Each structure stands twice: as structure tokens, then as C-alpha cells.
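Student: Hi! Could we go through this model together? I'd like to talk about helix packing and cavities.

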Amino acid sequence: MNILSALKNRVEIVDNSVTSRDLVNRFVAQGPQEEPLHLTEVDSLVKRHYEWSLHLPRVEPFYAIKSNDEASLVEATVLLGCGYDCASMAEVRRMLELGVDRRRIIFAQPQKTIVSLQYAREKRILTVFDSACELKKIHQYYPEAEVLIRYRFDSRNSVTNLGVKFGCETEKESKQLLNLAKELGINVIGWCFNVGSGCRDASIFYDAIKKGREIHDYATTIGFKFTMIDLGGGFLGDKGNGISQYADYINRALDECYPKEENVSIIAEPGRFYCAAAVTTIIPVHGKRVLFNDNDPLKIEHISYYFNDGMYGTFYSAKYRNQKLHPIIWKSGVDLELTYRTTLFGPTCDGNDAFAKDLDLPQLEVSDFVIFENQGAYARVHSCRFNGFCLPKVTNFIRKRTWELLETLSKSPNPTQVLLNNEYLQKNYNIEKLTFEAN
């Protein structure tokens with residue numbers, strides 16, 4: 001079965017007039033389910049790819065599978081012609097099995113197991129390093145590898161700081177590692193960095209690329225020829241966050257440091273930007289506990305709600321990665337002005353399974369629904385069946401016009417150009433924001 005056919009079996013193709021709100025209403029009308037629901041709209045990812053291609057024409061996106069490995073989204077990225085940032089041997093194998101050319105895969109794990117490194121050698125996959133230990137391991141198990149040096153360049157305003165774990169120091173250490181690579185005969189062909197997941201400081205990319213050029217210039221003096229640079233990830237992807245805020249700095253830095261005539265291949269590793277807005281979580285209230293004022297038994301002090309989803313399901317990032325939640329109450333007749341201090345609990349017996357605290361929300365009842373947008377990145381991929389609870393149930397949708405575009409792209413030798421020429425996307429690549437409107 002080819003990828004287009006596989007994707008068609010996973011998605012429901014709906015009329016172009018169907019809105020995100022219509023889809024949410026469909027599920028709410030069915031009443032509470034045992035599983036939390038992930039409403040996944042493949043259209044969102046296609047729009048993000050269009051936006052990326054429009055604003056960053058020199059930067060080839062290598063989708064970070066770890067952000068959301070849902071089959072419908074991954075298969076759509078293949079049809080769009082993306083490359084892939086893989087963090088494990090399993091992810092590399094998956095993309096090769098989908099027919100992706102090895103040259104469109106980067107094994108961007110700076111600390112690989114010996115077995116995965118041997119697999120990368122067998123498949124001749126590009127990889128990265130950030131330490132002397134990793135260089136020596138590559139020399140022993142994959143000596144003919146083409147590799148990128150990963151340097152640390154942290155944003156101080158990101159959801160998750162990655163530099164505490166990966167990336168060499170940019171001055172003395174980077175030169176020492178390049179010297180060691182030269183001594184070992186390892187072919188370093190470029191550099192990479194990651195400013196941190198969910199970066200709100202777009203200007204950091206300008207500074208990081210400038211630093212990369214300095215590393216490049218030093219590498220040239222000791223005999224390396226750099227042909228690739230990797231700008232990493234960190235791009236916000238919630239509704240309302242576009243790529244243009246980053247593109248302004250990235251394009252200026254590339255024009256100054258890497259003019260087109262140098263013929264350097266430029267990639268980046270967007271994950272959150274592509275998938276965050278694609279998923280809406282739909283969960284019902286399953287339980288409720290009301291605490292009253294000790295001196296006034298009619299005055300509500302605090303309300304706790306219990307859901308079939310929590311930090312072991314969708315909301316790991318809300319608990320541990322500082323992701324702010326903006327619950328949408330999907331209930332007719334509720335007084336939105338009268339609110340109470342509120343805690344949202346997941347279903348498990350872990351007392352720490354509270355994924356939001358000190359919210360001000362109107363009072364809800366069992367079987368009322370709460371909706372959370374922007375739950376496509378680092379959400380379901382963290383889910384587990386702790387206490388035996390269900391994983392989020394994914395239901396995929398795509399509009400007819402988007403499906404027809406993917407059909408066209410699957411037959412085209414230049415899918416990006418076909419995408420950019422699409423009249424509908426040219427007029428509208430914004431992603432619908434949800435609000436509740438009583439029927």
C-alpha cells in the first residue's frame with residue numbers, strides 16, 4: 001500500500017465548509033467517552049508547511065518526529081516532501097520503511113548507542129556529535145560517517161532548555177573537537193544547534209547563525225569543507241504564532257553569513273511548529289469536589305474537577321514543561337463571569353496528577369466538556385497506560401480541498417512549488433481559533 005492510500009484509510013475527508021468548531025460539536029454531542037479524544041486536523045499541518053515554505057525558502061524542513069509521531073501527520077509530511085529529524089534507531093528505521101531517501105534523514109542524537117550507530121552505518125545516515133567520547137565512538141563504529149558538530153546556543157526564553165544536556169561550548173571546546181575529528185579522520189561536513197524547545201526569542205537565531213559561521217571558518221582553516229548547516233528546532237506552533245517572527249532574523253543572518261553562491265545546504269528541525277495546532281483535546285468532567293468556606297458554608301472556596309486525561313496522557317507538558325493551558329468551556333448557559341478557583345486532576349491514583357492549578361473557571365457539572373487547543377506537540381507521545389487508563393483516542397480529519405492537494409503533490413516531482421502555487425493557501429493559511437458559541 002502506498003502512502004497516499006495508507007493516509008486515506010486513516011482520515012475522514014470532510015467538506016470544505018466544515019469548521020473545527022463543527023467537529024468539536026460532533027464529538028461533544030456523542031457524550032462522554034472512556035478515552036480522551038484527540039481531534040487531529042491534517043489541514044493544519046499542510047498550512048504550516050505552506051507557511052514555512054513561503055517565509056523560509058532557503059531552509060528545508062526536517063520534521064522532528066519526536067514531537068508527534070501520529071501516522072496521519074507523518075505520512076502527510078512525506079507527501080509534502082519533508083526531510084526528517086530522527087532521535088532514535090526506531091525513528092530512522094520507520095522513515096526508511098516509508099521510502100524516505102537516506103539523504104533526507106538526520107540522526108540528530110548526539111549520544112547514540114553502539115547498536116544504533118552500527119545501524120546508521122549500515123544505512124549510511126548523517127549524524128551529529130558534541131563530545132570527544134562520541135567522536136571516538138563514531139571513529140570505532142562508523143568511521144566513514146558524515147557528521148555535524150552540535151554546539152550549544154541556548155535561548156533564555158524557551159519552554160525547555162536543551163543545552164544542559166547537549167551541545168559543546170562554542171569557543172575552546174568546539175575547536176578542540178574539530179581538531180580531534182581531523183586527527184581521527186572523521187568527515188565533519190557542517191554544524192547544528194538547538195536554541196531550546198518553544199523559543200520565544202526569535203532574535204537568538206541570528207546570533208546562533210553568526211556563531212556558526214565562526215565555527216565554519218575555523219573548520220576551513222584546518223581542512224574541513226562544510227556543505228550543510230542545521231538550524232535545529234525551537235519554533236512555537238500554537239495558533240496565532242507564525243514563522244515570520246523567526247524568518248526575519250534567520251533570512252537576514254543567512255544572507256549575511258551564507259550567501260546563495262556558497263551552495264551550502266540549509267535545514268532545520270521544526271516539530272512543534274508543524275504539529276502543535278493540529279490537535280484539539282476534548283475531555284468531559286467525570287468527577288467533581290467542592291470545598292466551602294469554613295465560616296460561610298454557602299460560599300465556594302475551591303472546586304476540583306476530575307477528567308479521563310491528565311499528566312500521564314495529554315498534559316505532561318502542562319505539568320513539566322511550563323505549557324500554559326487555556327481551557328475552553330463547551331457548555332451552553334454557563335455564567336462565564338462567575339468563576340471559582342479551580343484545579344484540574346487527571347484520572348490516576350497519583351496525587352501529583354494535577355495538570356492545572358489555580359485557574360479561575362465557571363462551575364461545571366459531570367458530563368460537561370472542556371476543550372484544549374494546541375495539544376499536538378509533545379502530548380500523546382508522552383502518554384502511557386499508568387493505572388490501566390486509556391491512551392488518547394486519535395480521530396483524523398482533512399478537508400476535501402486539502403486532500404485533493406495532497407493527491408496532486410504525490411504525483412509531482414516538485415511538491416513545494418505546487419504547494420506555493422495553490423490559490424486557496426495563498427489566500428488563507430491561517431488556522432482557525434476555537435471559541436464556544438451557544439447554539
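Student: Is the crossing of helix 9 and helix 10 left-handed or right-handed?

Tutor: The crossing of helix 9 and helix 10 is right-handed. A crossing is called left-handed if the near helix is turned anticlockwise from the far one by less than a right angle, and right-handed if clockwise. Helices here are DSSP runs (H or I, at least four residues), numbered from the N terminus.

Student: Before we go on, where do the numbers come from?

Tutor: This is a predicted model, where local features need pLDDT of at least 70, side-chain atom pairs count only at pLDDT 80 or more, and totals for chains, interfaces and linings use all residues. Residues are numbered from 1 along each chain as its sequence is written, and side-chain values use heavy atoms, with hydrogens and water left out.

Student: Thanks! At what angle do the axes of helix 9 and helix 10 cross?

Tutor: The axes of helix 9 (residues 204-221) and helix 10 (residues 244-257) cross at roughly 20 degrees and come within 8 Å. That makes helix 9 roughly parallel to helix 10, a label for angles under 35 degrees. Axes are lines fitted to C-alpha atoms, for helices over the stretch in contact, and angles run from 0 to 180 degrees between N-to-C directions.

Student: Which residues in helix 9 meet helix 10?

Tutor: F205, Y206, I209, K210 and R213 do, and their partners in helix 10 include Y246, Y249 and I250. Contact means heavy atoms within 4.5 Å. By class, this contact of helix 9 with helix 10 has nine nonpolar, no polar and four charged residues. Ala, Val, Leu, Ile, Met, Phe, Trp, Tyr, Cys and Pro count as nonpolar, Asp, Glu, Lys and Arg as charged, and the others, Gly among them, as polar.

Student: New topic: how many cavities of 30 Å³ or more does the structure hold?

Tutor: There are three. On a 1 Å grid over the protein atoms alone, a cavity is a set of points where a 1.4 Å probe fits but cannot get out, and lining residues have an atom within 4 Å of a point. Grid points are joined across faces, edges and corners, and a volume is the space filled by probe spheres set on the points.

Student: What volume does the largest cavity have?

Tutor: About 80 Å³. The largest cavity is lined by 14 residues, with Y312, G313, P347, F389 and C390 nearest its centre. Its lining has nine nonpolar, four polar and one charged residues.

Student: And which residues line the second largest cavity?

Tutor: Among them are H38, N68, E70 and R380. The second largest cavity holds about 60 Å³ of space, and its lining divides into three nonpolar, five polar and two charged residues.

Notes: 1 Å grid on protein atoms, 1.4 Å probe; cavity = no way out; pocket = protein on both sides within 12 Å on 5 of 7 lines; lining within 4 Å. Helix = DSSP H or I, 4+ residues; strand = E, 2+ residues; numbered from the N terminus. Parallel < 35°, antiparallel > 145°, perpendicular 65-115°, else oblique.
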